[in-house]
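Subject: Structure for you to look over

Dear colleague,

Please find the structure below, together with its sequence. My notes on it come after.

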Amino acid sequence: MAAEALALQPLTLHLQQAARLKELSGADPLLAARLAAAGGQAELARALLARSGGLFDFEESERLLNEACPPELLNAAQDILSSQVTLDHWTETQREMYVRVLAGLLLSEGTGTAESLAAAWGAGSQGGGLWRLPALPERQRWAAGRQLVQQLAGAVGPHCQGRPPVQWASASWGGRWGLRRQLQTQAEVVSLEHVVATLTAAWNWELPDLPGLLSRPLLIEGLETLPVDRLELVTSLLADASALFGWTVIALPGLDTLWPSHYRLLPQEQWAVPQEEMARHAPVTLPGEPLSLPELAARLGAEGGRTLVVLYSRASAARLAGMLPGSVLLSSSMSRAHLDSRMSTLADQAAVPDLTVIATTLPSTPVGEFDRVYHLLAPLPHLTEAAQLSRGPLILFTLRDVALPPFWEKHSQLTAQLLAEGGGHAIHDPAAQRRYISQLRALEQGGRLGRWLGLRREQQFASLASEVNAQSTSAVPVLIGYGSDGEAAIARSREQGWLSRRDLRYAAWVTPMESQRAVRLGDAEPFGSGWALVWKGVYDETYGLAWPLVQAEQQRSDE
């Protein structure tokens with residue numbers, strides 16, 4: 001088994017040696033790390049540094065580790081470190097991953113985590129490896145995933161510490177809401193962003209999450225939507241963790257792509273799609289002449305039945321909601337906790353015959369089907385997912401009074417070209433999807449993969465974490481006191497002086513210019529580093545932060 005062959009023996013030895021060095025050093029983390037370095041245990045020394053704050057870049061680590069140790073402790077340390085295991089047969093990136101996991105275990109010391117996880121990795125409960133299913137629409141994909149959850153849960157054994165035995169990661173908020181609704185307690189639903197941040201963790205408040213992530217099988221959606229350099233980096237992290245610790249990772253794609261060779265196709269006898277979950281392909285209407293928002297509103301107002309409209313801009317979605325009284329808004333102008341509540345209400349109203357939903361955040365299939373889906377021209381993966389919500393047509397359109405986001409332009413132009421060539425069939429055609437990915441990668445040449453892999457090989461932990469998980473400069477999170485949990489998140493964030501990834505659930509998003517205006521007017525105030533804000537102004541129960549724009553459009557319509 002991969003864990004036995006690679007990581008289990010050195011892990012067990014290093015944990016024992018770390019415990020004895022802690023006692024020898026009087027629980028001084030820097031001294032323990034320096035003693036390990038002086039004894040020739042480079043990986044153990046780097047991991048022990050995490051107790052002093054985190055995993056630093058190589059130069060800073062060398063500076064800290066090369067300081068002299070008290071001579072009377074060196075001989076005692078040499079006795080502790082006399083048993084050594086060689087890691088020379090590992091790749092440089094495997095050693096980097098090992099240091100990160102060992103650091104996470106050392107920071108979990110005293111909680112029973114290290115012992116239980118080492119037992120889980122050594123018990124042979126996971127087969128390990130990177131696997132993938134073929135591209136499937138959401139209903140089929142989730143049906144297959146639920147079967148895998150049941151199989152994997154039975155194989156994991158008793159090493160889950162009361163947590164669900166399987167993890168399921170999704171790249172979209174709507175997807176995570178739908179998975180939580182369907183899976184209940186069968187699997188822990190996490191974000192793809194959380195998985196990437198944990199695999200590249202560098203600091204002592206993040207590192208303890210890593211061993212827990214690797215202790216349970218992971219189903220993962222959305223890998224195929226990542227830029228090629230990010231996909232290759234994430235694949236290298238997943239592959240190293242799988243090889244070292246026998247971790248099972250299964251990709252569940254919604255779009256055909258050009259997969260790295262690490263992912264093996266999972267044999268179909270291990271999963272199957274029930275007949276009632278077989279996919280339907282919505283007919284696609286290609287964009288005509290660009291519309292204005294009022295023209296789009298007039299068209300929507302003349303149609304009955306259930307309609308979903310997907311836009312990109314929060315402002316345009318708010319304006320359209322103001323033009324269509326009674327419509328439902330799903331927007332990042334609301335906190336994610338608020339969005340959860342709104343989508344749950346929609347799911348309970350799946351049989352309502354007349355309903356218009358305006359979304360900047362695509363819901364998932366549990367909200368119910370729509371008679372038609374209108375979608376602003378967008379990158380192909382967005383359209384493929386949106387089509388699955390329609391029992392009628394997918395109607396594509398462009399707007400002359402709303403600009404596309406700059407980072408969508410190349411993707412959308414390529415999508416428009418493929419749709420024009422194939423008459424709209426590219427949305428459902430695997431060959432066209434692969435051609436889209438191939439052409440997109442040609443446009444993305446010159447990415448950051450070489451630098452990122454270089455940072456891994458050189459054990460530049462802090463730089464890698466900073467670059468890969470850099471916060472967006474185009475949007476600012478605003479914590480909303482939505483319910484008691486939202487108020488608790490605000491209190492917790494104020495106390496610790498920073499906003500955790502988990503508490504982003506209680507944040508809405510605004511542009512930097514909007515954030516500056518809100519602070520100036522006293523509607524929001526910064527805390528901690530100032531990146532995130534706490535909202536102090538009016539937050540509407542129906543429209544969230546979008547209410548002023550909705551209200552202005554309603555007043556304009558009444559004039």
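This is a predicted model: local features need pLDDT of at least 70, side-chain atom pairs count only at pLDDT 80 or more; totals for chains, interfaces and linings use all residues.

Strand β11

β11 has a parallel partner in β8 (residues 306-310), to which 4 bridges join it. Within β11, Arg 372 is the residue that stands opposite Thr 307. A further 4 bridges connect β11 with β12 (residues 394-397), and these two strands also run parallel. Here Val 373 has Leu 394 of β12 as its bridge partner. Between β11 and β12 the chain passes through helix α17 (residues 380-387), giving a β-α-β crossover that is right-handed.

The four-stranded sheet

There is also an open sheet of 4 strands, in the order β14-β13-β16-β15, and its pairing is mixed. Its edges are β14 (507-510) and β15 (524-526), each of which pairs on one side only. On average, neighbouring strands in this sheet are turned by 35° against each other, with direction ignored. At the β14 end, β13 (residues 476-479) and β14 run antiparallel and are joined by 4 bridges. Leu 479 has Ala 507 in β14 as its bridge partner.

Most residues other than glycine have a negative phi. Which loop holds Ala 27, whose place is between two helices? Ala 27 sits in the loop between α2 (8-24) and α3 (29-38). Its phi is positive, near 65°, and the residue is not a glycine. Ala 27 is partly exposed, at a relative accessible area of 46%.

Gln 184 is another non-glycine residue with a positive phi, of about 55°. Gln 184 lies in the loop between α10 (173-183) and β3 (188-191). With a relative accessible area of 56%, Gln 184 is exposed; the cut-off for exposed is over 50%.

Those are the points I have to pass on.

Regards

Terms used. Residues are numbered from 1 along each chain as its sequence is written. Side-chain values use heavy atoms; hydrogens and water are left out. Two strands pair if DSSP finds at least two bridges between them. A crossover is right-handed if, with the strands pointing away from the viewer, the path from the first strand over the helix to the second runs clockwise. Axes are lines fitted to C-alpha atoms, for helices over the stretch in contact, and angles run from 0 to 180 degrees between N-to-C directions. Buried means under 20% relative accessible area, exposed over 50%, partly exposed in between (1.4 Å probe, protein chains only).
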